[in-house]
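Thanks for making time this morning. I would like to walk through a few local features of one model, residue by residue, and I will keep to what can be read from the coordinates.

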Amino acid sequence: MATGTQQKENTLLHLFAGGCGGTVGAIVTCPLEVIKTRLQSSRLALRTLYYPQVHLGTISGAGMVRPTSVTPGLLQVLKSILEKEGPKSLFRGLGPNLVGVAPSRAVYFACYSKAKEQFNGIFVPDGNVVHIFSAGSAAFITNSLMNPIWMVKTRMQLERKVRGSKQMNTLQCARHVYQTEGIRGFYRGLTASYAGISETVICFAIYESLKKYLKDAPLARSTNGTEKNSTNFFGLMAAAAVSKGCASCIAYPHEVIRTRLREEGTKYKSFVQTARLVFREEGYLAFYRGLFAQLIRQIPNTAIVLSTYELIVYLLEDHPQ
């Protein structure tokens, strides 16, 4: 049984490791997050295509063309941002992201570790039920605490300014939200974040299963020293990438709904109302706008975060000689 001092040291260790992993991942993948948020927005400039439509007996312009809207791709949004706003705009929202990601990851992993200890005493130790309840509990606490920071980050990423014009910094954006919407404005999109707990639960359930498989694999048991540590590290990165990829594809629509709820002056009011409105006006494919950008951002980001976290925990923990 761990003593009170050991439990405190373990909590601090998971806080530190989670914060480091989250910070590294946020910096590396920030441009992709900006592009993903723009693609999710209802204010994305859609490209108009014209298909010929022949009507016998008429030569009017209205009778000759039929316009339809096509969502721009990742590269088109990237090109537009670079041309109209400059490279710095690819790092919009990095300030609140860095302010929020270290404490959010730290709180998440500390809560996850603590919850696992508690649930291991109730359910079958290290079983899927333990991982699901632990991930869900940690995500609920983290989302409730950090939503104001993520709200400001999303607003900054959605802000469009021409190249050379002055953009709002983090404090100015937070002040603007408070002045126009009050305290409640900082909690817009929270219901969608709660719905997104399903993504976290799926991710960690798959990740823990893969981690257990890697630990029990013959290759992991037969290698020693540096070779074993290297194999484990890259195995954990692959496990994190696979688990996040699966979870993102399954639970992605909540991300689009959350971005819509956080838009300024929006017609979107609640989770269910937003889901209905998006489906009615844009079809079911709108719920997956930005998914490709999300996958190529989140998969390496999650691999970096989880593997960095596991590495720091391994390096700082006491190991039997």
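Leaving aside residues up to four places away in sequence, Glu255 touches Lys36, Gln40, Glu199 and Gln294. Please keep in mind, here and throughout, that this is a predicted model. Glu255 belongs to helix H11, which spans residues 253–261, and with a relative accessible area of 5% Glu255 counts as buried, because the cut-off for that word is under 20%.

Let me turn to helix H3, residues 74–84, where Leu74, Val77 and Ile81 are buried. These three cover an arc of only 70° around the axis, so they sit on the same side of H3. Just after H3 comes Gly86, whose phi is positive, at about 95°.

Which residue other than glycine has a positive phi, near 55°? The residue in question is Asp126, and the reason for pointing it out is that most residues other than glycine have a negative phi. Asp126 lies in the loop between helix H4 (94–120) and helix H5 (128–158), and with a relative accessible area of 40% Asp126 is partly exposed, whereas Glu255, as I said, is buried.

I am happy to go back to any of these on the screen.

Methods:
Residues are numbered from 1 along each chain as its sequence is written. This is a predicted model: local features need pLDDT of at least 70, side-chain atom pairs count only at pLDDT 80 or more; totals for chains, interfaces and linings use all residues. Side-chain values use heavy atoms; hydrogens and water are left out. Helices (H or I, at least four residues) and strands (E, at least two) are DSSP runs, numbered from the N terminus. Buried means under 20% relative accessible area, exposed over 50%, partly exposed in between (1.4 Å probe, protein chains only). Contact means heavy atoms within 4.5 Å. The arc is that of the directions from the helix axis to the C-beta atoms.
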